[in-house]
Amino acid sequence: MMRLSASTLAVATGLLVTALAFTSGTTSAQSLGDTAGTGSETAMSATGEQTYREICQACHLENAQGGTGAGVIPALASNAKLSDADFTLKRIMQGYGGMPAFADMLTPEQIAGVTVYIRTHFGNDYHEAINVDEVKKRMPEPE
Amino acid sequence: MFDFEAPNRRQLLTAIGKAGGAIAMYQAMSALGHAMPSQFSGPPKLNGAKPGASVVVLGAGLAGMVAAYELTRAGYKVTILEYQDRPGGRNYTVRGGDVIKEVGGAVQQVKYAPGNYLNPGPWRIPYHHQALLHYCTEFGVQLEPFVQQNYAGYVHSDKAYGGVPQRYSEVAADYKGHVAELLAKAVNRNALDDTVSTEDKQKLLEAMRGWGVLDKDMAYSTSLRTSAQRGFDRAPGGGVNGAPTPSKVAGLTDVLDPRVWQTMNFFHNTTMQQTMFQPVGGMDMIGKAFAKRLAGKIRLNSKVTKIAQDDAGVTVSWDDVASGKKNETKADFCVCTIPLTILSQIEVQVSPGMQAAIKGVPYHSSCKVGLEMKRRFWEQDDQIYGGHSFTTQQITQLSYPSTGFFKAGPAVLLGAYAGGAAAYAFGGMTPEQRIEAALAQGSVFHKQYRAEFSNGASVAWSRLPWIQGCASTWSDELRKEHYQNLVALDGRVVLAGEHCSYIGAWMEASVLSSIDAITRVHQRAMAA
């Protein structure tokens, strides 16, 4: 997957990151199934909050309250598990138990940005900076 | 080491054909990976179940219903437990009068006119999905062509052609023409001499001239010949003013926009090639055909809470969704087709490896928006009969109905089919916002959109309470780690569904995985 060369800034709360991702026709695992083909595979948002709105709230809902159907989508609001930055990054990038893996869909900047956002909003108060370079090291190899 | 010149494939096949006849040749072709459209080799032959042997099937989607149907035929006593108030699972069609309830509380009342529908999940069937087509044939499910590739559909990129949508015929001819011209130039400048022989150079030039519709100077240029592929400004007619006017070819830069070649490439996938089919009246005709044959065996509104097993059998605990009343169903075996988004939250007594697999496979989402328009303006005004238009916007594509051509009155257009990140963007919107986004973005193709819009409905898979996602997302690494554990027959429990396949989100995946699962269950039951 092609990405614009990334900012090396550590993303802290409120700092805007002007990261862009663009569709490059990669073959994601999803494309094995019926698919719209090559549409908006990657997110467009720039800030952590925008990424939350663009991606996360599709499941975790507007106020990060989570939702219940046949299964439970955990609330991110006031979630003590988010105190662990490493855990949070891993879940976002690799997915787990039905949660999608977003490493192919988000840039390191977007991942860092949204991690900071959810850990400092919705009743969470974990103000540790997330280093984009650290996120980059965890990114999967381009296909 | 022996040194010999390997025969090419055709020489080899011809030799085999001469020596062993057509059957040997067919087997050889199959062994070489050709002429084998599907792993389907007929319905399972599961004869002679032991008297009283029983199976509980979890989930009344296609995988569950295939299992129940075939196991019943083999003589097993079968019960299906289904969470929803309808059988079918992702084999699902939305019609007027239906209600779509979402996690988060949004409720849509679907207002489509009678006969109109949206297939939110599966909506097209590749001709080589022979297992699914077998059951359609056996059950008399009427199929009609799904128009997949339509050269009259549009391709739109915000970065090419000034943001103006072009017909697929135009971009396809232009792309091919420019590539051919460039390759011909490279050959004529002797840039390929180190890899292409003199004889092949001549063949290549001739191919590029014909394939790219190049002119006498080996250039791709505006002419009646190129217009015969991309379309005319004024089409050929009859009589005094019958002479056509050519259309102007586009420049190289516009053609190189990714949306152009991605669209062409899309149609090259074997799962996307014509001929494709759809059931007449909606995709759920398939699920309904199964359910009809399983009357009395499907227990709806049943939420599974635990799957336990021991030497004696399987015990599935479940709650009645409406009353909350707790129940248990016991059987000799369990075929579990519950999607992993949900199963990963249920206590299942299986090996640690299978438990890790159940929790280890992520799901992606998808969103479709079906817009009912007052009339078929895409047919009447734009001469588009079925097929798709593609865009770089989040709606990703429009699809025009493959049925009811030329009919007066309202019709449902697929106004968005969002995957990837766009699926989540749509999933996070309210139903009203999704319609508005679909109308705003789709207007780039059809100026009639706003005036002709009647009503719309959307299905964002991440928000559907019964699945909370769309389908499994495997990677090579995940396959290595989890696949065999996931599909193993673990004591008396086996999983089935698209997540237990190498096919991905297709109904064929559910059917083939189910057939494989019940075949192994039957073998173990007979061996016991």
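Mentor: Two residues are in contact if their C-beta atoms, placed from the backbone, lie within 7 Å. Please keep in mind that this is a predicted model.

Trainee: With that definition, what share of the contacts in chain A with a separation of 6 or more comes from residues 24 or more positions apart?

Mentor: Such pairs account for 60% of those contacts in chain A. The chain has 143 residues, of which 49% are buried.

Trainee: Which residues make the contact between α2(A) and α3(A)?

Mentor: An α-helix has 3.6 residues a turn, so residues three or four places apart point the same way. In this case, α2(A) contributes A85(A), T88(A), L89(A), I92(A) and M93(A), while α3(A) contributes I111(A), T115(A) and R119(A). By class, the contact has 5 nonpolar, 2 polar and 1 charged residues.

Trainee: Turning to the two chains, how many residues does each give to the contact?

Mentor: Chain B gives 45 residues and chain A gives 39. Elements of chain B that supply two or more residues are α8 (258-266), α10 (340-343), β18 (363-364), β22 (411-418) and α13 (420-427). Of these, α13(B) gives the most, with 6 residues. The side of chain B that touches chain A has 22 nonpolar, 20 polar and 3 charged residues.

Trainee: Is M285(B) buried or exposed?

Mentor: A count of 20 or more C-beta neighbours within 10 Å is the cut-off for buried. M285(B) counts as buried because it has 20 such neighbours inside 10 Å. M285(B) is found in helix α9 (residues 284-293) of chain B. Leaving aside residues up to four places away in sequence, M285(B) touches V141(B) and P279(B).

Trainee: What span does helix α5 of chain B reach from its first C-alpha to its last?

Mentor: Helix α5 (residues 198-211) of chain B has 14 residues and reaches 20 Å, close to the 20 Å expected at 1.5 Å a residue. After α5(B) comes V213(B), whose phi is positive, near 55°.

Definitions and conventions:
Residues are numbered from 1 along each chain as its sequence is written. Chains are lettered from A and ligands numbered from 1 in the order in which they are written. This is a predicted model: local features need pLDDT of at least 70, side-chain atom pairs count only at pLDDT 80 or more; totals for chains, interfaces and linings use all residues. Helices (H or I, at least four residues) and strands (E, at least two) are DSSP runs, numbered from the N terminus. Ala, Val, Leu, Ile, Met, Phe, Trp, Tyr, Cys and Pro count as nonpolar, Asp, Glu, Lys and Arg as charged, and the others, Gly among them, as polar. A residue is buried if 20 or more other C-beta atoms lie within 10 Å of its own, exposed if 12 or fewer, and partly exposed in between; C-beta atoms are placed from the backbone. The expected span of a helix is 1.5 Å times one less than its number of residues.
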